[in-house]
Amino acid sequence: MRFYTENEVETFDFGEAHISEIRFGLGPFYMLVDNVKILEQNSCNRDVRTMRTNGLTFRIIDPQIVAVTEEGCKIYNADGVLQKEVPDRTVSPEEYAKLCKELEEAVIYKLEKTGDSYCISIDAEEHEYTMEIKGSGDSEEWDRFMNLAEL
């Protein structure tokens, strides 16, 4: 049985979810993610407790990429002396295809929606990214509910 919701992103907890696949740029925004928590208030959750799932498809409808930012950092030596400061960098649209590959197997810190804007914070292997995307809505689709303890 396939479960489907629209505009219920706030009934999921994407913190610590793993990205299997991500696509964005000219076409639709699409993520395939594992380890997503489904909260009690989700319209498809018949249990009275938080569940989780793997293989959840998350889409943003009519996406417009506002900004993709690679977070800067400060680099210190072993004595705690600042060696280098790297500023935040805006990722150009020409880099999106390469970035999609880099974000496979990355971890989502948070995914929040405010009005028609989605903010996704992602921890890739060596870099952190923040994506700001506007859209007319979202959809989520998955196959099964699992207990939180199941891996």
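Lys and Arg count as positive and Asp and Glu as negative, while His and the chain ends are not counted. The place of a charge is NZ of Lys, CZ of Arg, CG of Asp or CD of Glu.

**Figure 1. Charged side chains of the protein.** The protein has 16 positive and 32 negative side chains. The centres of these two sets lie 3 Å apart. This is a predicted model, in which local features need pLDDT of at least 70, side-chain atom pairs count only at pLDDT 80 or more, and totals for chains, interfaces and linings use all residues. Residues are numbered from 1 along each chain as its sequence is written, and side-chain values use heavy atoms, with hydrogens and water left out.

**Figure 2. The whole protein.** The protein has 1 helix and 15 strands. Helices (H or I, at least four residues) and strands (E, at least two) are DSSP runs, numbered from the N terminus. Along the principal axes, the C-alpha atoms fill a box of roughly 55 × 35 × 25 Å. Of the 151 residues, 39% are buried. Buried means under 20% relative accessible area, exposed means over 50%, and partly exposed is in between (1.4 Å probe, protein chains only). Take the contacts (heavy atoms within 4.5 Å) with a separation of 6 or more: residues 24 or more positions apart account for 60% of them.

Figure 3. Helix α1 spans residues 96–103. Its residues Tyr96, Leu99, Cys100 and Leu103 are buried. They cover an arc of only 105° around the axis, so they sit on the same side of α1. The arc is that of the directions from the helix axis to the C-beta atoms. On the other side, Ala97, Lys98 and Lys101 are exposed. What lies over the buried residues of α1? The cover includes β3 (17–23), β8 (64–70), β13 (117–123) and β14 (128–134).

**Figure 4. Glutamate 105, after the helix.** Glutamate 105 follows α1. This residue lies in the loop between α1 and β12 (107–114). Is glutamate 105 buried or exposed? Its relative accessibility is 62%, so glutamate 105 counts as exposed.

**Figure 5. Asparagine 7, in another loop.** Asparagine 7 is found in the loop between β1 (3–6) and β2 (12–13). Phi of asparagine 7 is positive, near 55°, in a residue other than glycine. Its relative accessibility is 38%, so asparagine 7 counts as partly exposed.
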